[in-house]
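Colleague: I'm new to this one. Could you walk me through how to read it?

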Amino acid sequence: MKKNIDEIIKISNEIYDKGLVSGKAGNISVRFKGEIGDIIAITPTLKSLSKLNEEDIVLVDLDGNVLTKGKPSSEVNMHLEIYKKRPDVNGIVHTHSPYATGFAHSSKKIKRYEGFGEIKTPYLAEIDYEKPGSDELAKSASKGLGTEDVLVLKNHGVICVSDNLKEAELLAVFVEEIAKSQFITLMLNSVEDRI
């Protein structure tokens, strides 16, 4: 358990330092086996991911019962719904990274690039806007994710999932980089060549 909590703190700091979240936005979680079954360790609500400590991380079961003190992220139900539908997922990273979130707030879609798994579809999966923290978002996100590893939440942000938290973080970094590359390409292609 302690290594899972330490990993959440480390990766929270990393995604904050990399600019994938800012302020008190974003949340991450990891699933591990406990004495009572699956336990989810998740970041707390209303705290910056930049300065978390061991006492800040909240443990919940798959039914959402809080097992430690503290209040879990307002997006806890979204994480739980994904874990319930995806036994292969053990790490979730939800970011509001600037370029990918910019795409989420636009009519443009993020293309899938080589570099993180097989390209099965031309664009990253996305779902329509639902209020953050709502049951509707939890259900829509878990359904929209399906068997994908990335989901764009329109007018909100991005969810990345994997069988471990480090891979989910690497995917979140990769998604932001491809969104940045595509944004630059769109800008360059929109400017008339004056040379």
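Colleague: Which strands does α4 lie across, and at what angle does α4 run to β6?

Modeller: First, this is a predicted model, where local features need pLDDT of at least 70, side-chain atom pairs count only at pLDDT 80 or more, and totals for chains, interfaces and linings use all residues. Residues are numbered from 1 along each chain as its sequence is written, and side-chain values use heavy atoms, with hydrogens and water left out. Helices (H or I, at least four residues) and strands (E, at least two) are DSSP runs, numbered from the N terminus. Angles run from 0 to 180 degrees between N-to-C directions, with axes fitted to C-alpha atoms, for helices over the stretch in contact; contact means heavy atoms within 4.5 Å. Here α4 lies across β5, β6 and β7, at about 140 degrees to β6.

Colleague: In what order do the strands of the open sheet come?

Modeller: Strands pair if DSSP finds at least two bridges between them. The seven run β3-β2-β1-β4-β7-β6-β5, with mixed pairing. β3 (58-61) and β5 (125-127) each have a single partner strand, so one side of each lacks a neighbour in the sheet. β6 and β7 pair in the antiparallel sense over four bridges.

Colleague: And how do I describe two packed helices?

Modeller: Packed helices are described by the angle between their axes and the distance between the axes. Helices α2 (residues 76-85) and α4 (residues 135-145) pack at about 35 degrees, axes 8 Å apart. The α2 side of the contact includes Met78 and Ile82, while α4 brings Leu137 and Ala141, among others.
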